[in-house]
Amino acid sequence: MRTSIATVSLSGGLTEKLTAAARAGFDGVEIFENDLLASPLGPEEIRARCADLGLSIDLYQPMRDIEAVPPEEFGRNLRRAEHKFRLMQRLGADTVLVCSSVSPLAVDDDALAALQLRRLAELADGFGIRVAYEALAWGRHVSTYDHAWRIVEAADHPALGTCLDSFHILARGSDPKDLEGIADIPGEKIFFLQLADAPLMAMDVLQWSRHYRCFPGQGGFDLAGLLGHVIRAGYRGPLSLEVFNDVFRQAEAGPTAVDALRSLLVLQESAGLTEPPAPVVPTGIAFAELTGPDVEPVSELLEALGFARTARHRSKPVDLWEQGEARVLLNTGPGARRDGTRLAAVGLESPDPAGAARRAESLLAPVLPRRRAPEDVPLDAVAAPDGTELFFCATGRPGLPSWTSDFEPVGHPAPATGGVRRIDHLALTQPWHQFDEAALFHRSVLGLGAQESVDVADPYGLLRSRAVTNADGSVRIALGVGAAPSADDGGRAQHVALATDDLVTAARRFRAAGGRLLTIPANYYDDLAARYEFADGELETLRGLGILYDRDAGGAFRHCYTETIGRVFFELVQRDEGYRGYGAGNAPVRLAAQHVRRPGR
Ligand code: MG
Ligand code: MG
């Protein structure tokens, strides 16, 4: 279906918004009146700019407080409307959005509302314009889609139809049964469809709408179900995003527009309208690649953790470190010098690397060059929203290129001794404005399942965290972000969590090898004693090593942390099979301990 986006959904001036929408690949835009008023371009210039960019102007919005008012007030409203219709003619827009009235002058009289909307439609018709009447969830007398439709039906004018807005419909918490009536509206009378999702929140609906709308798939509404009803009604107009959100208002328009279009592609797939290449769910973590200017401290840390340096890239300063099935690449090449030590790339084991890349490309993920250097094995890779490179790997599988072919084994590597079996999870820090997008990206592009989002108190702010995982837990990625733009995202650490079956032994070995574990305050252990029962001596052991403890219905989780190098630290974890979390309850204690260790605090 055609795609459109309201200019209010993007940041910047009108020209920037139009350029971003066109570059992302939208077919059209809704022009929000305030964006036009603030633009130095005249209506004809805006029209020409849109034509140059290949964008249709699908809607002009909004016209407010028109209907069900006393006659003299309605006369003034018609004069105001006529003025806007002349402007729309210059703009080349043929549909105007009229929201249900919130005016204190409006009366609860459907017959009067219908009569006056008919008069408005007659006037609009003379200008070749159609009126789309939308129920605001906080409309004074009309606040539901079916009420708005009854008035449109009673007004009975070909230039009058209804606009359905998913936020206003779903924010009322309607019973799914109430939505079935949408399919009974004649498709040609649904003039427009605006789509927005929102996180499920208990708050004033106007504030909720103005500040927390998000793109489809980022919130908690069943938009695919709603879209199904609208399609069954026979609607064939554009799918248009109308998303007001404090975050997008500040984020760069270009990437936001791409994320927005991706959300519409995913929605159409969920509603069964399109069939892009199917997701290829990763089956494991092939490697984590750290880049950094200085090989020494990271090598020492890996050695203390019991990793062995087993191979070196044939042509680049990249070392492969292994222990059990955990593989860490340490890249000290020229590109690594810029940002300090960080987790720059992740290898995901994929049953079909080329298929995974096709899926990613169909959902607008930036595809990376297949070879980083001419002599490298070709690998399928895309960039995640935070810039992390994701490689789709077939490690050592016959018939498929394997990244390991680029590596030459080093003679007589030391045996791996730390008791680490595999990578348990990776924690990636997202830019503050891309948290919801990151979750949608990992779900839709990679086919991972998203767990609930959790808020974690940090001594200097608030962190949000959301994990994405495959069904058997062999791929777990914790996406985290500071909740405010002021949060120092660049400095927020990423981590690689390593799974062991015996954390106490692993932690002791690490210390004996010269490793330093993060010191956890005594108060934490006093509180643990109050919350859980431990076997004799266990709590003392945990306290002695700085091991944190958590438990959920599925079992226990024990974990401890190394010190941080650049932006990266390691976590050692022992996870009972049924435990689903990441020790989020302990994160405030960990964050506070890390702040203590940071120079300058
Ligand atoms: Mg709307
Ligand atoms: Mg962790």
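Predicted model: local features only at pLDDT ≥ 70, side-chain atom pairs only at ≥ 80, totals over all residues.
Residues are numbered from 1 along each chain as its sequence is written, chains are lettered from A and ligands numbered from 1 in the order in which they are written, and side-chain values use heavy atoms, with hydrogens and water left out.

**Domains**
- The protein chain splits into domain 1 (3-270), domain 2 (284-409) and domain 3 (420-596); the bounds come from an automatic or database domain assignment.
- Taken over C-alpha atoms, the centres of domain 1 and domain 2 sit 46 Å apart.
- For contact (heavy atoms within 4.5 Å), domain 1 puts in 6 residues and domain 2 puts in 5 residues.

**The domain 1–domain 2 interface**
- About 480 Å² is buried between domain 1 and domain 2, with 59% of it on carbon and sulfur atoms; buried area is the accessible area (1.4 Å probe) that two parts lose on being put together, summed over both.
- Arg-262, Leu-265 and Glu-269 supply 70% of what domain 1 buries against domain 2, more than any other three residues.
- The interface of domain 1 and domain 2 has 1 salt bridge, meaning a side-chain nitrogen of Lys or Arg within 4 Å of a carboxyl oxygen of Asp or Glu.
- Glu-269 and Arg-359 pair up through their side chains in a salt bridge, at 2.9 Å from N to O.

**Cysteines**
- The disulfide count is 0, using a cut-off of cysteine sulfur atoms within 2.5 Å.
- Cys-50 is in no disulfide, and the nearest cysteine sulfur, in Cys-163, is 19 Å away.
- Cys-50 is buried at 1% relative accessible area, and Cys-214 is buried at 2%; buried means under 20%, exposed over 50%, and partly exposed in between (1.4 Å probe, protein chains only).
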